[in-house]
Amino acid sequence: MATETLTLGKALNAGMRKALENDPKVVIMGEDVGKLGGVFRITDGLQKDFGDQRVIDTPLAESGIIGTAVGLAIRGYRPVCEIQFDGFVYPAYDQIVSQVAKMHYRSRGKLKIPMVIRIPFGGGIGAVEHHSESPEAYFSHTPGLKVATCANPQDAYVMIQQAIASDDPIVFLEPKRRYWEKGPVEVDQPLPEAYPLQAARVARPGTDATLIAYGPMVRTCLDAATAAAEDGRELEVIDLRTLAPLDLGQVYESVRRTGRAVVVHEAPSNIGLGAEVAARITEECFYSLESPVLRVTGFDIPYPASRVEEEYLPDLDRVLDAVDRTFGW
Amino acid sequence: MAKGDPGVSTRGRRAVPRSRKGATGDPELVQLLTPEGERIESVTGPDGTEYRVDFTDEEYRSFYRDLVLVRKLDAEATALQRQGELGLWASLLGQEAAQVGSGRALRTQDMAFPTYREHGVLYCRGIDPIMPLGLFRGVDQGGWDPNEFKFNMYTIVIGAQTLHATGYAMGINMDGKTGTDEGEAVIAYFGDGATSQGDVNESFVWASVFNAPMVFFCQNNQYAISEPLERQTRIPLYRRAAGFGFPGVRVDGNDVLASYAVTRHALDNARHGQGPSLIEAYTYRMGAHTTSDDPTRYRIASEVEAWQAKDPIARMKAFLVKQKIADDDFFAEVDEQAKRESVHLRERVLEMPNPEPSSMFDHVYPNGSPLVDQQRAQFKQYLESFEGSAH
């Protein structure tokens, strides 16, 4: 198998390129996705190679991007929509939640909306307000949508292709601060052999406690596990990959072994993914738990000014502090 | 409103061909049939387009038939709601001409994106009028394939469908399906209230810059539930099109012939690659917004009476009578058909079964979801736990 070293951003680009090559119905649309290649250059070069009918620079209106993509999907296209930043998705929220998510259900299965909504999400890049948000709970709470996020270049490459090939509407969250992180990518891996989109994966095996994360926090948890290992504590790290529907089989299996679980995400804790994961672990692993499931998250405040975002975002120390607390219970 | 010019004959083949503006006294309104049933040979729209229709007597009669049919079926649905058989009904009363005219202007290959009131358009597409009643009875939420009927599911969120229509029309361009008589076009329905929505304005932008082959068909029925037009706009709605860079025209929405002529022209322009246009069908919602509404709280009887005098069916009937295109036997036969079809509709509504409770878990995702599967199974188990129980 050919393995290339790619950044996460380049892996997404390569995955979309492959999707455009494989299916003439795939179209990419969004603000600045054409000549500019997107503000993060994730669609770099695609318009040049596939033309402006397949990689479409749209007017600057997010509801319009998603709403017209619904129409294209009814027409038989497979739109891949880019929302420029997490904080700009809300004008499209109605179209996503009331239209995209419900069309298949309302039509009793007769109409599919095979749409991917790509959103760079999360903080850590020193951006101004509205550029660092984690809106995953809003979408994960919506029946009819699937929500996925990648944590490394290999997953970015495969999962974006899986998402585009899927008939389900998928909100695809890209960990923007990890766009530049490099890793090996098997570029000729045939798509059907790759794992199903919803499967979680063990990112690092361990025996003493289970860290559960997704997107940008997987790297943080892996770093925490490396640090913990130096102190003789083996942490298992699980990358959820898909947030809706959650795939928690491996999480339960892990927590039954370790007895301790910490869920980590950048989004605020209140009614967040961590709450759902904790509740389900409690239901499924009650007699195995040595401590309550803890959450390490952003605070329940608006995303703060970037000069203090390092204090806001969960980091290695806060993760390890929570692990310590599970042992002190 | 001025009366039709008595100097103009009412029928094409007998008329002195003559075009004119302002047949109604309103220079902005395209009208081919006056409220008194006088036929106007042709009218020039604000952009110089000349509108005219040329129908056979049989076709004129069939327009009348459709108008009566959709009104009768609508009245039956209202009655069904009053009797508790429908949860809600959004009546088209008063808007029959705008819907029948525009609906019949669609060609087979054209695609329609309705609101929740386009029962008349649906009927003219040849679709069984029972189709949307499941939604209003509460036994489904649409449930049809838009592509099968070239008619999208009803959209309740105001204006959202205009973007879907625009995207679909962009797809027509991408498929290269414009530029000939067989070209495809899209019609997006919405109301005066919707013109304040962001989605509608965004769809204007999109359609314009992508030269989408579509017609924005605004039925200005003067009210968004209780709010009069003045709360939505300071200028005639059709003039908004100019700001977006495409033509706009106001048509007498109670004139089925003009509604047809204007829509057919706009659709044909679109299918030939000339891009979008906006039609403002100037009409009046004679009934309530829906069966849950009480219009006496916000409008006066004299206003309703004034519009009653412009009734779309009465004027068509007057025209047919004056021109001896139809006789009493014909009108009686149409009424009989309307009655028959409405009884048939009623019978079938009453027979609509409630869905199986567990079917609510179906079709959430094309590829399914373990979470939904789990909840379906738990729900089934829960129901089974009552089996054999006295309760």
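How many residues does the contact take from chain B and from chain A? The contact takes 34 residues from chain B and 34 residues from chain A. This is a predicted model.

**Contact between the chains**

- On the side of chain B that touches chain A, helix H5 (146-149), helix H6 (160-174), helix H7 (198-209) and helix H13 (370-384) of chain B each supply at least two residues.
- H6(B) gives the largest share of that side, with 10 residues.
- The side of chain B that touches chain A is made up of 18 nonpolar, 12 polar and four charged residues.

**Domains**

- In chain A, 26 residues of domain 1 are in contact with 21 residues of domain 2.
- For the side of domain 1 of chain A that touches domain 2 of chain A, at least two residues each come from helix H6 (136-140), strand E6 (146-149), helix H7 (153-165) and strand E7 (170-175) of chain A.
- By class, that side of domain 1 of chain A holds 11 nonpolar, eight polar and seven charged residues.

**The seven-stranded sheet of chain A**

- Seven strands of chain A form an open sheet in the order E3-E2-E4-E5-E7-E6-E12, and the pairing is mixed.
- Strand E3 (55-57) and strand E12 (242-244) of chain A are at the edges with a single partner strand each, so one side of each has no neighbour in the sheet.
- From one strand to the next, the twist averages 20°.
- Strand E2 (residues 26-30) of chain A runs parallel to E3(A), and three bridges join the two.
- Within this pair, Gly30(A) is opposite Asp57(A) of E3(A).

- Four nonpolar, four polar and one charged residue make up the contact of H3(A) with H4(A).

**Strand E13 of chain A**

- Strand E13 (residues 261-268) of chain A is largely enclosed by the rest of the structure, because seven of its eight residues are buried.
- Strand E10 (residues 209-213) of chain A pairs with E13(A) in the parallel sense over three bridges.
- Ile212(A) has Val263(A) of E13(A) as its bridge partner.
- Strand E14 (residues 294-298) of chain A also pairs with E13(A) in the parallel sense, over four bridges.
- Pro268(A) has Gly298(A) of E14(A) as its bridge partner.

**Backbone details**

- Most residues other than glycine have a negative phi, and most peptide bonds are trans.
- The peptide bond from Ala244(A) to Pro245(A) is cis, and its omega is near -5°.
- Pro245(A) is in the loop between E12 and helix H9 (249-258) of chain A.
- Asp32(A), which is not a glycine, has a positive phi of about 70°.
- The loop that holds Asp32(A) runs between E2 and helix H2 (46-50) of chain A.
- Asp32(A) has 17 other C-beta atoms within 10 Å and is therefore partly exposed.
- Asn211(B) also has a positive phi, near 50°.
- Asn211(B) belongs to the loop between H7 and strand E7 (214-220) of chain B.
- Asn211(B) counts as partly exposed because it has 18 C-beta neighbours inside 10 Å.

How values were computed. Residues are numbered from 1 along each chain as its sequence is written. Chains are lettered from A and ligands numbered from 1 in the order in which they are written. This is a predicted model: local features need pLDDT of at least 70, side-chain atom pairs count only at pLDDT 80 or more; totals for chains, interfaces and linings use all residues. Two residues are in contact if their C-beta atoms, placed from the backbone, lie within 7 Å. Ala, Val, Leu, Ile, Met, Phe, Trp, Tyr, Cys and Pro count as nonpolar, Asp, Glu, Lys and Arg as charged, and the others, Gly among them, as polar. Two strands pair if DSSP finds at least two bridges between them. Axes are lines fitted to C-alpha atoms, for helices over the stretch in contact, and angles run from 0 to 180 degrees between N-to-C directions. A residue is buried if 20 or more other C-beta atoms lie within 10 Å of its own, exposed if 12 or fewer, and partly exposed in between; C-beta atoms are placed from the backbone.
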